[in-house]
Amino acid sequence: MSWVSFTALFFATWWVVLFAVLPFSVRTQDDDHDVTLGTVPSAPRGPHMLRAVIRTTIATAILMGIFYGLTHGLGYSLSDIPHIVPDFGQTPAK
């Protein structure tokens, strides 16, 4: 895999992980019992994007490290995925 492909995969994975990490440890205005006039009570209390970006980058780096280890270290590829799970529909040979 070239570095361009790896970077593209990292970027796509980063966005998916961002939306998974975004709601973690968010305090709402309703949690603090201090709702600003004109906002909904479920609005976040203060900025939290920097923490989300840092967590996302760390989680994506770990995932991509695992992917790199599987592909380059163990020699697996994306075409090996159907062969990892055994086919239980076949009868064993006698």
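Helices, as named here, are DSSP runs of at least four residues, numbered from the N terminus. The model is a predicted one.

Begin with the entire chain in cartoon view. Three helices and zero strands are present, in the order α-α-α from the N terminus. The radius of gyration is 21 Å, well over the 12 Å that the globule rule gives for 94 residues, so the chain is more spread out than a compact globule. Along its principal axes, the C-alpha trace spans about 75 × 35 × 15 Å.

Next, display the surface. The accessible surface of the chain comes to about 7,500 Å², and carbon and sulfur atoms account for 70% of this area. Of the 94 residues, 15% are buried. Colouring by charge shows 5 positive and 6 negative side chains, with the centres of the two sets 4 Å apart.

Now select residues 49-73, which form helix H2. Does the distance between its ends agree or disagree with the expected span? For 25 residues at 1.5 Å a residue, the helix should span 36 Å; its end C-alpha atoms are 34 Å apart, which agrees.

Within H2, show the side chains of Ala 52, Thr 56, Thr 60, Met 64 and Phe 67, which are its buried residues. An α-helix has 3.6 residues a turn, so residues three or four places apart point the same way.

Note on methods. Residues are numbered from 1 along each chain as its sequence is written. This is a predicted model: local features need pLDDT of at least 70, side-chain atom pairs count only at pLDDT 80 or more; totals for chains, interfaces and linings use all residues. Side-chain values use heavy atoms; hydrogens and water are left out. Helices (H or I, at least four residues) and strands (E, at least two) are DSSP runs, numbered from the N terminus. The radius of gyration is taken over C-alpha atoms; the globule rule is 2.2 Å times the number of residues to the power 0.38. Buried means under 20% relative accessible area, exposed over 50%, partly exposed in between (1.4 Å probe, protein chains only). Accessible areas come from the Shrake-Rupley method with a 1.4 Å probe; for residues, only the protein chains shown count as cover. Lys and Arg count as positive and Asp and Glu as negative; His and the chain ends are not counted. The place of a charge is taken as NZ of Lys, CZ of Arg, CG of Asp or CD of Glu. The expected span of a helix is 1.5 Å times one less than its number of residues.
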